[in-house]
Amino acid sequence: QVQLVESGRGLVQPGGSLRLSCAASGSILGIHRMGWYRQAPGKERELVALITSADSRTYADSVKGRFTISSDNAKNTVYLQMNSLKPEDTAGYYCNAVVQVTRAWTDDFWGQGTQVTVSS
């Protein structure tokens, strides 16, 4: 199986910065893409940013120019650098990975989530 472990939760003031990390471990032949989603209370989970194995990156309009996704393929780790944080960025942030587990099996895995709170 595959485990995703997130780190970097915290409370930050508006305008501040925070970096989230997510490390994948377990039975991994390869990772097709990794990304971050977030879910605020009473709202649906939404995409924040994705990065593929080909280094293609996708961002939600609400975070473009403020957040940067990157990865360290050797460590099976994805990062989310969040700058100019706003109160509306407050949410649980979830790491996601599409993993080639065996030659015949590709699956979708989620981390346990990490809380980001932006407040003065």
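Strands here are DSSP runs of E, at least two residues long, numbered from the N terminus. Two of them pair if DSSP finds at least two bridges between them.

A word on provenance. This is a predicted model: local features need pLDDT of at least 70, side-chain atom pairs count only at pLDDT 80 or more, and totals for chains, interfaces and linings use all residues. Residues are numbered from 1 along each chain as its sequence is written, and side-chain values use heavy atoms, with hydrogens and water left out.

Now the inner pair. Strand 3 (residues 18–26) and strand 8 (residues 77–82) run antiparallel over six bridges. Ala 23 sits opposite Thr 77 of strand 8.

Look at Ser 21, also in strand 3. Ser 21 is buried at 15% relative accessible area; buried means under 20%, with a 1.4 Å probe and protein chains only. Contact means heavy atoms within 4.5 Å. Beyond four places in sequence, the contacts of Ser 21 include Trp 36, Val 78 and Tyr 79.

Next, the core. The largest nonpolar core has 31 residues. Such a core is a set of buried Ala, Val, Leu, Ile, Met, Phe, Trp, Tyr and Cys residues joined through side-chain atoms within 4.5 Å. Strand 9 (91–102) is among the strands that supply at least two of its residues. Its share is the largest, six residues. Tyr 93 is one of those with the most contacts inside the core.

Note on methods
Helices (H or I, at least four residues) and strands (E, at least two) are DSSP runs, numbered from the N terminus. Buried means under 20% relative accessible area, exposed over 50%, partly exposed in between (1.4 Å probe, protein chains only).
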